[in-house]
Structures are given as structure tokens and as C-alpha cells.
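Take a look at the chain below. We will walk through it step by step, from its surface to its backbone.

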Amino acid sequence: MHELTVFNFNDVDVVNSRDVARMVERPHNDLMKSIRVYAD
């Protein structure tokens with residue numbers, strides 16, 4: 001299994017969404033649509 005790299009952006013720990021999409025085997029665009037539901 002691929003490990004995510006966590007990095008700090010403006011004092012917030014983040015991961016690359018493209019890496020997450022690969023891990024969950026979903027197209028990046030579909031993943032971003034799902035994430036937007038939680039962000040609103």
C-alpha cells in the first residue's frame with residue numbers, strides 16, 4: 001500500500017489529493033466532488 005506524504009501548508013497539515021485518489025482507486029475529479037460536500 002502506498003503511504004501518503006503529509007506536508008505543512010500555511011500551518012495546516014495536508015496531503016496531495018491526487019495521491020489520495022490513487023489510494024482509494026477513484027478518479028481525482030470524483031474525489032474532489034465528494035470532498036466539496038464536506039467543505040460547504
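This is a predicted model: local features need pLDDT of at least 70, side-chain atom pairs count only at pLDDT 80 or more; totals for chains, interfaces and linings use all residues.

Val15 sits in the loop between β2 (12-14) and α1 (17-23). Its relative accessible area is 34%. That value lies between 20% and 50%, so Val15 counts as partly exposed.

Now step back to the whole chain. The protein chain holds two helices and two strands. Read from the N terminus, the order is β-β-α-α. The C-alpha atoms fill a box of roughly 30 × 25 × 10 Å along the principal axes. Of the 40 residues, 8% are buried. The accessible surface comes to about 3700 Å². Carbon and sulfur atoms account for 53% of that surface.

Charges come next. The chain has 5 positive and 7 negative charges. Their mean positions lie 11 Å apart.

Finally, turn to the backbone. Most residues other than glycine have a negative phi. Which phi does Asp11 have, positive or negative? Asp11 has a positive phi of about 65 degrees, although it is not a glycine. Asp11 lies in the loop between β1 (7-9) and β2. Its relative accessibility is 74%, which is over 50%, so Asp11 counts as exposed.

Glu25 is not a glycine, yet its phi is positive, at about 55 degrees. Look for Glu25 in the loop between α1 and α2 (28-39). Is Glu25 buried or exposed? Glu25 is exposed, because its relative accessible area of 73% is over 50%.

Methods:
Residues are numbered from 1 along each chain as its sequence is written. Side-chain values use heavy atoms; hydrogens and water are left out. Helices (H or I, at least four residues) and strands (E, at least two) are DSSP runs, numbered from the N terminus. Buried means under 20% relative accessible area, exposed over 50%, partly exposed in between (1.4 Å probe, protein chains only). Accessible areas come from the Shrake-Rupley method with a 1.4 Å probe; for residues, only the protein chains shown count as cover. Lys and Arg count as positive and Asp and Glu as negative; His and the chain ends are not counted. The place of a charge is taken as NZ of Lys, CZ of Arg, CG of Asp or CD of Glu.
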